[in-house]
Amino acid sequence: MKRVYVNEEWCLGCHLCEYNCAFANSGLDDMVRALKDKPVFPRIHIEEDAGITYAVSCRHCTDPLCVKSCIAGAISIEDGVIRIDKNKCVGCLTCVLVCPYGAVAAGPTGAAQKCELCMRNSCGAPACVTGCPNNAIVYEER
Amino acid sequence: MSEYLIIGNGTAAAGCIEGIRSRDSEGSITVISAEAHHVYSRPLISYYLEGKTDLSRMLYRPEDFYEKNNVRLIFGKAVKCDSKKHTVTLADKQKLSFDRLCICTGSSPFVPSFEGLETVKDRFTFMTLDDSLALEKALTPESRVLIVGAGLIGLKCAEGISHRVGSITVCDLADRVLSSILDSDCAAVMQEHLEKHGISFMLGDTAVRFDGNTAYMKSGAEVSFDILVLAVGVRAETGLASQAGCEVNRGIVIDDKMQTTVPDIFSAGDCSEGFDSSAGARRVLAILPNAYMQGRNAGINMSGGDSSLTDLIPMNSIGFFGLHCATAGSYPEDAEVYEDRTEGIRRLYVRDGILSGFIVIGNVNRAGIYTSLVREKAPIDEENIDKLKKFPSLAVFLPATRRKKLGGVV
């Protein structure tokens, strides 16, 4: 299965992936309208340490703790992609507490959200990958 | 073809079914459910009262779960288990045989024998969906509610009903709220927040006697109320297991394969006493994630697999009126405490260079990185602890470890 990976040595730490992600999942078709003067809730984030930067998003683990821990039964695996059913999620954030990668977070409504590979938004392929100016983020089989 | 029997129909049972079916699609699975409900998410009963979920969304697994997994679901109560003959008898005398049994009976509310409790008309416990539905019927916009117990159950109940009643008072013999997961500093912050949302507290005090709508407190105070909720604590349901000959402590004793001390009998979830790897001690880990993981692990081993769970820890993510709190592990008295209060509270308990537990109040994002450090017992050096206490980051791992975590299939 194809997943999103980041090549640390090429990541510039420009945070564009965060904005592209937030826009892709906003449901709007205008980036300015979607992001300007609003709090953004990207599902990918840049971590920075001692001059090294890298993007982190859901690893789509093969044996995911979030799925096993969800108190609402709202997280499931569909063809390898881990999905959160927002309609069932009550926002307890147990998934945030157990994700070893820090890749799940509360979204704008309080429900948990994370990368679902842009498969159900208008992009159809990970927006963070498409928009990465240095091709540091890739979508591939490993 | 194997015959699997599961007593209980909660999260551990669902895990057990999925564990068995991950290896054995043929064997027969029978589930005995004491509650006449499809498996639902117990912790959601307060969210139901709050209006954040409803009966259909509360289902822990889809409607066709039993059918898809070829499970026979029986509503009834198991009253006897003959471990030699491999049979279980139900209250209606029906006898069921098994090759391997999993006891997932959960826990039940502990109700102390208060004097005069029987004189209280509207009194409730808060554990099951039926408890929640019964309580809901009694609620009126004028109700004065007294909740005995300021733990997770009592306070979630308080939050759930706060917009539907006149007033809520919570009492607890402990001197702080959420005493099982928070230290006194953090508890004070949470208490203040709850008070801002209209919840009153009587801590270090509890009801000793009831007479109709009045509670007589240990301190001598009297509290008038319309509705009483008893959330003092829970006890593991171990009766059937001990009758079957299983060793029982505070819960049914299980090893890291979820096997009890009796062959072919397994146990998982709130009724069992497993191992808390953060404290290095046996403990009932009565939280939903562990119930699922233990149940699933039991199912794998019941169907001939060989799987051990050795990294279970206590952990809780809970929020009240928008203020979140994430905790995990244990807080040993000899641990070094690192604290940051830039944004909310972050307290890390470090012993021998290992994170043994933590409390975060406020922004809980990425707290899972802390949890993984507790779970994995990963060594962290002093410099990293200072970074970590400000915000959790994968930078705490060595670059090679981090690249492995992020660069491949995990």
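Visitor: Two residues are in contact if their C-beta atoms, placed from the backbone, lie within 7 Å. Which residues does Val229(B) contact, leaving aside its neighbours within four places in sequence?

Guide: Val229(B) is in contact with Phe124(B), Phe126(B), Leu135(B), Val145(B), Ile147(B), Gly154(B) and Cys157(B), when neighbours within four places in sequence are left aside. This is a predicted model, in which local features need pLDDT of at least 70 and side-chain atom pairs count only at pLDDT 80 or more, while totals for chains, interfaces and linings use all residues. Residues are numbered from 1 along each chain as its sequence is written, with chains lettered from A and ligands numbered from 1 in the order in which they are written.

Visitor: How many residues are in the largest nonpolar core?

Guide: The largest nonpolar core has 170 residues, and Ile6(B) and Val229(B) have the most contacts inside it. Such a core is a set of buried Ala, Val, Leu, Ile, Met, Phe, Trp, Tyr and Cys residues joined through C-beta atoms within 7 Å. A residue is buried with 20 or more other C-beta atoms within 10 Å of its own, exposed with 12 or fewer, and partly exposed in between.

Visitor: Which sheet order includes E16 of chain B?

Guide: The order is E9-E16-E10-E11-E12 in chain B, an open sheet of five strands with parallel pairing. Strands (E, at least two residues) and helices (H or I, at least four) are DSSP runs numbered from the N terminus, and two strands pair if DSSP finds at least two bridges between them. E9 (123-125) and E12 (199-203) of chain B are the edge strands; each has a single partner strand, so one side of each has no neighbour in the sheet. E9(B) pairs with strand E16 (residues 227-230) of chain B over three bridges, and Arg123(B) has Leu228(B) as its bridge partner in E16(B).

Visitor: And what is the pairing in the sheet E22-E23-E26-E25-E24?

Guide: The pairing in that five-stranded open sheet of chain B is antiparallel. Strand E22 (315-320) and strand E24 (336-340) of chain B are at its edges with a single partner strand each, so one side of each is left without a neighbour in the sheet. Six bridges join E22(B) to the antiparallel strand E23 (residues 323-329) of chain B, and Met315(B) has Ala328(B) as its bridge partner in E23(B).

Visitor: Changing topic: is Arg72(B) buried or exposed?

Guide: Arg72(B) counts as exposed because it has 12 C-beta neighbours inside 10 Å. Arg72(B) belongs to strand E3 (residues 71-75) of chain B. Beyond its neighbours within four places in sequence, Arg72(B) is in contact with Ile29(B) and Thr30(B). Val31(B) is 41 residues from Arg72(B) in sequence, with 6.2 Å between their C-alpha atoms.

Visitor: How many residues does each chain give to the contact between A and B?

Guide: Chain A gives 31 residues and chain B gives 40. On the chain A side, the elements giving two or more residues are strands E1 (2-6), E2 (45-49) and E3 (52-56) and helices H3 (65-69) and H4 (94-98). H4(A) gives the most, with four residues.

Visitor: What domains does chain A have?

Guide: The assignment, which is automatic or from a database, gives domain 1 (1-57 + 117-142) and domain 2 (59-114) in chain A. Their C-alpha centres are 19 Å apart. Eight residues of domain 1 of chain A are in contact with 11 residues of domain 2 of chain A.

Visitor: And which domains are in chain B?

Guide: Chain B has domain 1 (3-108 + 235-302), domain 2 (117-232) and domain 3 (322-405). The C-alpha centres of domain 1 and domain 3 of chain B are 33 Å apart.
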